[in-house]
Amino acid sequence: MTDLGRHPAAQGVQIASITGEPLSLKLVEPLVTSAATYRRRDTLLVRCELEAEGGQRVVSGFGEAAPLDGWTDEGVDDCAACLEQLQRRVVDIAVGDLPEMVGRGWSFPSLRFALEGAVLDGLARLEGLALRDLLVARPGGQMGDASAGLAGGAAATVGVQTVIGDGSVDETRRAACRAVRDGATALKLKVGNGAVSRDVARVKAVRDVDAEATIRVDANGAWSVEQALRAFDSLGPLNVDLVEQPVSASRRDELLDLAARSELDVAADESCTSLDAARALVDDGIDALVLKPGALGAPLEVRALMDYAADCGVRVVVSSLIESAVGRTTAAHLAACCDADGPHGLGVGSWLAEDVSRSRDAIVGGRMQLSDAPGLGFEPRLPPRPPTSEVP
Ligand SMILES: [Mg+2]
């Protein structure tokens, strides 16, 4: 359960209204998942109006619900239906009463991420703090109290990785050259579509492009244990930083066995289907977690999981579900509170041909720059709705 009601910034603040607005953002290239191919990214922008000091101060906070087949059981329609009911019910409730008011919809992780995200953004705006500096405060503490965690604040930049899709060795080398020229310091290669030897040759080509870069590979569960072990033998000497989901999420024991046997760090991505699943992987010896906060739950719940993983020596990679700037920036502020160097899977704003922020994500030298302005750091604006004929 989330600690939202106990957050120091939530004391005496009321939720005056919650509204939702559908977003349908055009993608630069179709997004292919195991479940479907998308030309647009359909999500819900949530606006939460907060009142403080008996209604003297009113701000709006923003969150985003971005369910995605294969990652969430709920769809956009389920979240929209819950929001519509909620819209009618919420009038001046205490922040801590939100979960109860949402009822059944609170079991939808993507909606929980959006609703609590919107409230936290609003609370940060009320406090005049960047969202990341609100997220580091400890529930039960006092705002401005050093023990609440606000003294140091969180990092203002977050390391991000550039994804290199499947391709020939030459195509992979060219993509790596382009990325490094653009300032990337961390490269993640999609592997597992061809022979292991071809993937190893691709990684070697990227290592030849940049001897210093952080290189990761993501098999999306495509390898067998034998293929994974063969790949690991060759990838180790190439100084690969970690291997994401070498074997299928349905083979949990094999994944953990690989993590135990291999010198290379093994990360669970598709296996992190819920906060509980991710926590159990930490307990059972995984090396790293790839967390998509937008598919897992409320930001403070995700934050607690990150702390738990860190305490257990497990690395966390925060990753986007290809949300608009609202969801993506919420995830980036979460990343800034754990291991800001990452690198994290958040450099994907350029996948969208349209967005709700006025400016593109600023990524300089492989680091995403977060605004110091209160909350998320920008006011979202809705792009024009697509003509109905264009909606898939
Ligand atoms: Mg992955």
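Valine 58 touches Ala16, Glu49 and Glu51, leaving out residues up to four places away in sequence; two residues are in contact if their C-beta atoms, placed from the backbone, lie within 7 Å. The model is predicted: local features need pLDDT of at least 70, side-chain atom pairs count only at pLDDT 80 or more, and totals for chains, interfaces and linings use all residues. Residues are numbered from 1 along each chain as its sequence is written.

**Valine 58**

- Valine 58 lies in strand β3; helices (H or I, at least four residues) and strands (E, at least two) are DSSP runs, numbered from the N terminus.
- With 14 other C-beta atoms within 10 Å, valine 58 is partly exposed, because a residue is buried at 20 or more such atoms, exposed at 12 or fewer, and partly exposed in between.
- The C-alpha atoms of valine 58 and glycine 122 are separated by 9.1 Å, although the two residues are 64 residues apart along the chain.

**The two domains**

- The protein chain is divided into domain 1 (4-148) and domain 2 (157-378), with bounds from an automatic or database domain assignment.
- Taken over C-alpha atoms, the centres of domain 1 and domain 2 are 25 Å apart.
- In domain 1, 35 residues are in contact with 35 residues of domain 2.
- On the side of domain 1 that touches domain 2, α3 gives the most, with 10 residues.
- By class, this side of domain 1 has 20 nonpolar, seven polar and eight charged residues; Ala, Val, Leu, Ile, Met, Phe, Trp, Tyr, Cys and Pro count as nonpolar, Asp, Glu, Lys and Arg as charged, and the others, Gly among them, as polar.

**The nonpolar core**

- The largest nonpolar core has 124 residues, and Val46, Val119 and Val243 are among those with the most contacts inside it; such a core is a set of buried Ala, Val, Leu, Ile, Met, Phe, Trp, Tyr and Cys residues joined through C-beta atoms within 7 Å.
- This core lies between domain 1 and domain 2, because both give residues to it.
- Apart from neighbours within four places in sequence, valine 243 is in contact with residues including Val217, Phe232 and Leu264.

**Helices α9 and α11**

- The axes of α9 (residues 275-283) and α11 (residues 299-311) come within 10 Å and cross at roughly 5°; axes are lines fitted to C-alpha atoms, for helices over the stretch in contact, and angles run from 0 to 180 degrees between N-to-C directions.
- The two helices α9 and α11 are therefore roughly parallel to each other, a term for angles under 35 degrees.
- Leu275, Ala278, Arg279 and Val282 of α9 make the contact with Glu301, Leu305, Tyr308 and Ala309 of α11.

Note on methods
Angles under 35 degrees count as roughly parallel, over 145 as roughly antiparallel, 65 to 115 as roughly perpendicular and the rest as oblique.
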